[in-house]
Amino acid sequence: MTQLHQHGAATSQCPDVIVAGCSHNHKLPTGNGRRVSHTPHPDYGPPKKSRKKLQAIICILLVELCERFTFFGIVCNTILFCTVKLGYNNYLAATVNLCFIGASTLTPVLVGWFAETCLRRTKVLYLCAFLHFFGTAMLPVVAFPFEDFYIDTHHMTHKLEPLEQQVLFYIGLLAAALGIGGIRAILCPMGAYSLQGYNQHQLLSFFNWFYWLVNLNSTVVFLGIAYIQQSVAKNLGFLIPFTSVLLALIAIHMMRNKLTYKPKRGGSSLLTTLGVFLNSLKMCCLHLRHLSGDVTSWLDRAKENNGGQYSETHVENVKVLAKLFPLWGLQLLYRVCITQIPSGYYLQTMNSNLHLTDVLLPIGALNVISILPLLLLAPLMECLMTCHLSMEKTPPPPVKLITLGHVCATLSVLVAGLTELQRKSYPLVEQTLSGKVLQVSSMPCFFLAPQYVLLGVAEALVTPACCLISFQLTPSHIRGISLHFLTLSYGGGCFLGAFIIQVFYMCSGGTFYPNLLHEGNLERFFFFLASLMAINTLVFWSVSYRYLDLSVRGKALTTSPVNEKLMLYKATLRFYDTIDHSTDSIL
């Protein structure tokens, strides 16, 4: 997400404002010039602008749909392809999938910064569109059965070596992640929705319905692509992202630069925020060795008047953001629980009985079960909030929703561990996935539904509330950087989940994250994660009082103390009627 959009209505009407202001204090010069009429033409103007706005909205929705389609199409097939076709162990396949999700989450922030500082946004957009096309085109090359396509005139089969196949696979994933980041950052940022001026309840309603639409799209994706990949055309599942990106490129071509969103410059940036922290640490180390004045906050040591390298404006902005760091940091472990859907829960489903009478269900069917609470709770929460407001009652604060969501995530991982114990008690049966016969538990996959439902409820409660708090408790000019840090916590949670899987696998010798689930102890991994999440929930509950009152927004410094002193000096001179009017142009 990039910085939130702020309209420049005052700038666009600047000439009329100047003329109106002058007419009150000075007489306008008269002459023989003709009077210019400012009456707008009724035939064109607002209707033309409204048509352009409608076209832009349609194209943004189309690009959003195509981008989500490609992303979820890759995610719901990666583990199955890595384990069945590439022969990866379960822990490695889960790590690859989580790293791809984390990279796709972080790249919008990084690409948005790159577009603002290094290259023009249009060039970055075309570059990311090419990378997206290249990546999604590379994945079908790896996924296609080569014995069916690489046969020469002598009917000799030319197979790709496993190393070359893996190299192409990772290049495709990396290119697709970078392309997804560019499309999200430039074409579909949160700032394109113009959220300035909304109150707390309107913002929560917007975030609820925004994520409702996103999850409605993912429902179709998980059902369609997973079924094609698993049952109908085997490895043709990776061809769908390639087809989908063509639609995204068509949408980009339809609007070209009109789809690109240029955020308002100014405020802080990621590099500036990081620089303030590093400079403050450096000055604190110097303070320990040398005597210096005391400050109210250790971040104040980065100010220029305290010997630092940054202006007071930048430091005060960082101090406002620092108040939200506990909120963002405590979302990391929560995101680790959420990432169990495309990793641990996926492996459980893959090793359970997917047959419903004579029909082989796609693995993505249970992913849809986790999305259903999101689709049902958003309208329900909207109705409850409307009823509270109509009865003049205060709706529950967002921090209580986040705490309840963390409890649901903890219970979900705990239930997953208990269900894993039950799953291993069932006898093994043969099941064919993507052309390969696997030994799986005979326990029906629907027994895993409760853990999916609990995670879906958690996501419906936590994500909109976190966005609301990050938006409300920061001034308008640094809301973009606030949402950037929230996005970084989401991506960081994916990489933290991959790191925990690697550590568990190495420390347990493979038993806590086994390749054959019926021979290992995957439930211990879930129990340990549930314990960590319970502690995380208690810590968040203990600091949640900081985010109860959303009416008190963070106040950041927008003018320097030098300007304030000059204005005070000027006011003093006017009070004593000794001001020199020649200084007005300077001050």
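I started with helix 15 (residues 364-390), which has 27 residues and reaches 40 Å from first to last C-alpha, close to the 39 Å expected at 1.5 Å a residue. My helices are DSSP runs of H or I with at least four residues, numbered from the N terminus, and the expected span is 1.5 Å times one less than the number of residues.

This is a predicted model, where local features need pLDDT of at least 70, side-chain atom pairs count only at pLDDT 80 or more, and totals for chains, interfaces and linings use all residues. Residues are numbered from 1 along each chain as its sequence is written, and side-chain values use heavy atoms, leaving out hydrogens and water.

Next I looked for a bend, the angle between axes fitted to the seven residues ending at a residue and the seven starting there. Helix 15 bends by about 30° at I371, and the proline P373 follows within four residues. After helix 15 I found E392, with a positive phi near 60°.

Then I searched the whole structure for disulfides (pairs of cysteine sulfur atoms within 2.5 Å) and found zero. C387 is in no disulfide either, as its nearest cysteine sulfur, that of C383, is 6.6 Å away.

Terms used: Helices (H or I, at least four residues) and strands (E, at least two) are DSSP runs, numbered from the N terminus.
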